[in-house]
Amino acid sequence: MSADRREDPTERQRGGSHAPRGRPAAAGRGATASMSADRLFDLMPAVHRLRDAAQGDPLRALLSVIAGEVSALEQNIGQLYDDAFIETCSEWVVPYLGDLLGARPLLPVDDPAFTQRGYVAGRLDYQRRKGTASVLAQLARDLTGWPAVVVELFQRLATTQHVNHVRLGAPATADLRDGYRLQFVDTPFEQVAHLADVRHVDTGRGRYNIPNVGLFLFRLQGYPLSGVTARALDQTRFTVDPLGRSQAVFTVPDTAGTATYGIGPENVTMALSRRTMRRDPARYYGTDEDPASIVVAVDGTVQPLGSVDVCDLSDTAGGWAHQPVGDRIAVDPQLGRIAFGTPPAGAVTTSYAYGFPGDLGGGPYDKRAALARYLGEVGWQAGVMAAPPPDEPRIKPTLQAAVAEWNQQPPGTHGVIVLLESGTRTEDLDTPAGRIAIPEGSHLVVVSGQWPLEEGEDPTQPPVRRLGRVSPRAVRAHLRGTIEVVGTAPSGSPEPGRLTVLGVLLEGALTVRAGRLGGLTVSHCSLVPGTTTLQAESNPGLAITLERSVVGDLSPADPTVDVSVTDCVVAGDLSADTLAVESSTLLGSVAARSASASNSIFVGPVSVVRRQVGCFRYSYVSLDSRTPRRFRCQPADTDSAGRVRPAFASMAFGAPDYALLHPSVAPEIGAGGEGETELGAWRFLQVPRRLRNLRTALDEYLRFGLEAGVFAADQQGRAGGGA
């Protein structure tokens, strides 16, 4: 019998639990450190244990070291057992298991959220259903991570039908009276016939022909928010977006029990239209328990579906196109607008989903990996919510109250302020007594998230909130106002304090006042371009770090500030002393004393003083910019400058495809990055590699004579071109 299947006799004598059959009882699999350290010593005869205790336990210490190595060995044996199965194996083992099944080698995708495990796991199932549309849809989902709709485009051809085999669902002419179906023209859900297109579909140009199959990929993701403060335009008109923008509401897909073939509009993430919601309002208008796609609440009470009308609230000369009367509520999901017949008797909040390509900017997605880098050992923590529980003094009603308590903490404290609600919070921290103070050696993290209640050691006691336990997801706090921070470390201090802001939507200003602050980190935040500024006054040695964020202008008054930008969209001008840019899109001008960049797009001019240091690699930068030496940058010469230039699907902040490269962009930008990835802020999605993996595997599962085209669907589901 192998070592990982033997039962520990000492474990049976103590009456404790032991590892199940096939699983080692290693420390890494639930065993306590003390038990693993003494497990070999407990096997020794009692006489030896007594003599060892009399001599200062040297034998116990030796066997403790040996037991640690045995535990590591057992854990390794257990992992080797797990690596034999695709469901439990390590990620690096997945390609080797795929090779055993004859799966074609694919390019690795450097995205923690993506794995090829599903492709290898479904290999045998793919073979059984080879040549069917359902296997193509499943293959596309497994290899790209995006929902896919497969359409046999030859079924959309306008053809003469045999009178004995009439296809009632394929009329040669469109029914102009059916507005619901007409809205899906040029989408995978259309039911309109087309003339033949003889161009090849695999190039993205042709579409409707006898041998053609289309794969429509829905790259946009839905991000649901709850308890968002609706922006009031007047007493009766509101927007679901807290910034007052006209923002489309996205569907929350119904994925329960859906097949990979025959998917409808309700099963993918796309913008919710008026006709779709009017056709089935109960599916898209939610309740307290199920927010669905959109919910309207007044003073915390969800308004019933019976009082809601789906209307066109577009702009007209006199305001909006429709004004309800009485107790009626008009909702326009295409524009994200709400109109009341009479002024509401309380605060208006909404729950809705917005669309975005990925986890960038302030959003309710899971940010635990980012927070773990900055959390550290927490010595002080406070929460902020409008109505704190009466029995929890650590939760404050305002951010000012939480900051005031933080400012009383001694130097060297690591603290956390958790913003527990997605509603709008209007506060100004711009007075000497009210601004955030960061003492020497201290680190404060301001994060949107949850502070969960946990059971204590005594089950009879009520749950408690523990220090350092933060769940940074499901919440995106919206702050309106001016936030100022000042470092109070003495001049020449080797360890000045730091401030980290994570997962916040900020509308106003974030200012570092003159002092001694060591670092400011803005991670997974949206500092609204055009209305929010990020400034820094004289702070010797200050380093500003931007990660996965959207920011506007960044022009520190102190010329010695170092700036690091990673996976960000900088919509305004940027200046710094030392600048490091990685996989980012900078839309404004850039000025720095020294700079380096990789896999980035510089739309505006770049001016670097010290050009003998640093390097620009795999980036787009105009030929007239003054930069250090360039390595494989675009455009390569004046002849290609007119053709090779960035093209974006949208430049409007808040749009679902904001700063996303257009499908028609030159391949030098769309796949000219390091490792043949795209340039710019969305490089972390690894889109070219996912699409290449899909095209590599498609031929194996297509029927002979068929051609497949891959299309990227926009927010309405329309395909603008080949993906």
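At its place in the model, does E427 count as buried or exposed?

Guide: E427 counts as buried, at 12% relative accessibility; here buried means under 20% relative accessible area, exposed means over 50%, and partly exposed lies in between, with a 1.4 Å probe and protein chains only. The model is predicted, so local features need pLDDT of at least 70 and side-chain atom pairs count only at pLDDT 80 or more, whereas totals for chains, interfaces and linings use all residues. Residues are numbered from 1 along each chain as its sequence is written, and side-chain values use heavy atoms, with hydrogens and water left out.

The partner of E427 is R425: the two form a salt bridge in which the closest N and O atoms are 3.5 Å apart. The term denotes a side-chain nitrogen of Lys or Arg within 4 Å of a carboxyl oxygen of Asp or Glu. R425 is buried as well, with a relative accessible area of 15%. The structure holds 34 salt bridges, and this pair is one of them.

Two further pairs may be set beside it. E392 and R394 form a salt bridge with their closest N and O atoms 3.2 Å apart. In that pair E392 is buried at 11% relative accessible area, whereas R394, at 26%, counts as partly exposed. E454 and R466 are also joined by a salt bridge, with 3.3 Å between the closest N and O atoms. Both residues lie in the loop between β19 (443-448) and β20 (477-487), so this pair ties together parts that are twelve residues apart in sequence. E454 is buried, with a relative accessible area of 18%, while R466 is partly exposed at 30%. Elsewhere, salt bridges link R435, E484, R513 and E537 into a network.

Arginine also meets aromatic rings. A charge sits over a ring if NZ of Lys or CZ of Arg is within 6 Å of the ring centre and within 35 degrees of the ring normal. R548 lies over the face of F684, at 3.6 Å from the ring centre, and R237 lies over the face of W320, at 4.9 Å.

Rings also pair with one another. Rings of Phe, Tyr and Trp (its six-membered ring) count as a pair if their centres lie within 6.5 Å; planes under 30 degrees apart are stacked, over 60 edge-to-face, and the rest tilted. By this rule the count comes to 17 aromatic pairs. Y180 and F184 form an edge-to-face pair, 5.3 Å centre to centre with 85° between the planes. The rings of F184 and F189 have centres 6.1 Å apart and planes at 80°, so this pair is edge-to-face. Y180 is buried at 19% relative accessibility, F184 at 6% and F189 at 10%. Ring pairs link Y180, F184, F189 and F218 into a cluster.

Turning to the strands, these are DSSP runs (E, at least two residues) numbered from the N terminus, and two of them pair if DSSP finds at least two bridges between them. Four strands form an open antiparallel sheet in the order β3-β13-β6-β7. β3 (221-229) and β7 (301-302) stand at the edges, each with a single partner strand, so one side of each has no neighbour in the sheet. β6 (residues 294-298) pairs with β7 in the antiparallel sense over two bridges, and A297 has V302 of β7 as its bridge partner.
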